[in-house]
Amino acid sequence: QVQLVESGGGLVQPGGSLRLSCVASGSIFSGYAMGWYRQAPGKQRELVAHIGSGGRTNYADSVKGRFTISRDNAKNTVYLQMNSLKPEDTAVYYCKGRSDYDVRRTDYWGQGTQVTVSS
């Protein structure tokens, strides 16, 4: 089992940048695939970016070229660098982890961090 804690959210102007962090504890982080999701008011939670335990990444079309997901296994941390932010990026951002070795494919979620893009 892993515990996830996000940080780095806040208020930023359109065109600005933020870096979100998600620190994991309680399990072997290097064996986890990690993802960033977001949920805006009145909308379903959606995948923003994913990084496998081997480092392979994929992104939602809406953030390609603007967001970068990365991980530092030595620090048990996954990052989401967000550039050229738009008002439509406003949402609560969640970190999710799933162990490559869990046959039940259990998902673990953080508590979320608010990102608001507004002038």
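I take contact to mean heavy atoms within 4.5 Å. The model I am reading is predicted, so local features need pLDDT of at least 70 and side-chain atom pairs count only at pLDDT 80 or more, while totals for chains, interfaces and linings use all residues. Residues are numbered from 1 along each chain as its sequence is written, and side-chain values use heavy atoms, with hydrogens and water left out.

**Entry on Lys 96**

I began with Lys 96, which I found in strand E9; strands (E, at least two residues), like helices (H or I, at least four), are DSSP runs numbered from the N terminus. Setting aside the neighbours within four places in sequence, I listed the contacts of Lys 96 as Leu 4, Ala 33, Met 34, Gly 35, Tyr 37, Asp 107, Tyr 108 and Trp 109. Is Lys 96 buried or exposed? Lys 96 counts as buried because its relative accessibility is 10%, where buried means under 20% relative accessible area, exposed over 50% and partly exposed in between, with a 1.4 Å probe and protein chains only. I also noted a polar contact of 3.1 Å between the side chains of Lys 96 and Tyr 37. The term stands for a pair of N or O atoms within 3.5 Å; within protein, one must be able to donate a hydrogen and the other to accept it, and residues adjacent in sequence count only if both atoms are side-chain atoms.

**Entry on the disulfide**

Next I looked for disulfides, taking each as a pair of cysteine sulfur atoms within 2.5 Å, and by this rule I counted one. Which residues does the disulfide join? Cys 22 is joined to Cys 95, with 2.1 Å from S to S. The pair links distant parts of the chain, since Cys 22 is in strand E3 (residues 18-25) and Cys 95 in strand E9 (residues 91-99), 73 residues apart. The torsion about the S-S bond of Cys 22 and Cys 95 is about -80 degrees, and therefore I recorded the disulfide as left-handed. Cys 22 is buried because its relative accessible area is 0%, and Cys 95 counts as buried because its relative accessibility is 0%.

**Entry on two loop residues**

Finally I checked backbone angles in the loops. Ser 84 has a phi near 50 degrees, a positive value in a residue other than glycine. I placed Ser 84 in the loop between strand E8 (77-82) and E9, and I noted it as partly exposed, with a relative accessible area of 41%. Arg 105, also a residue other than glycine, has a positive phi near 55 degrees. Arg 105 lies in the loop between E9 and strand E10 (108-109), and at 54% relative accessibility it counts as exposed.
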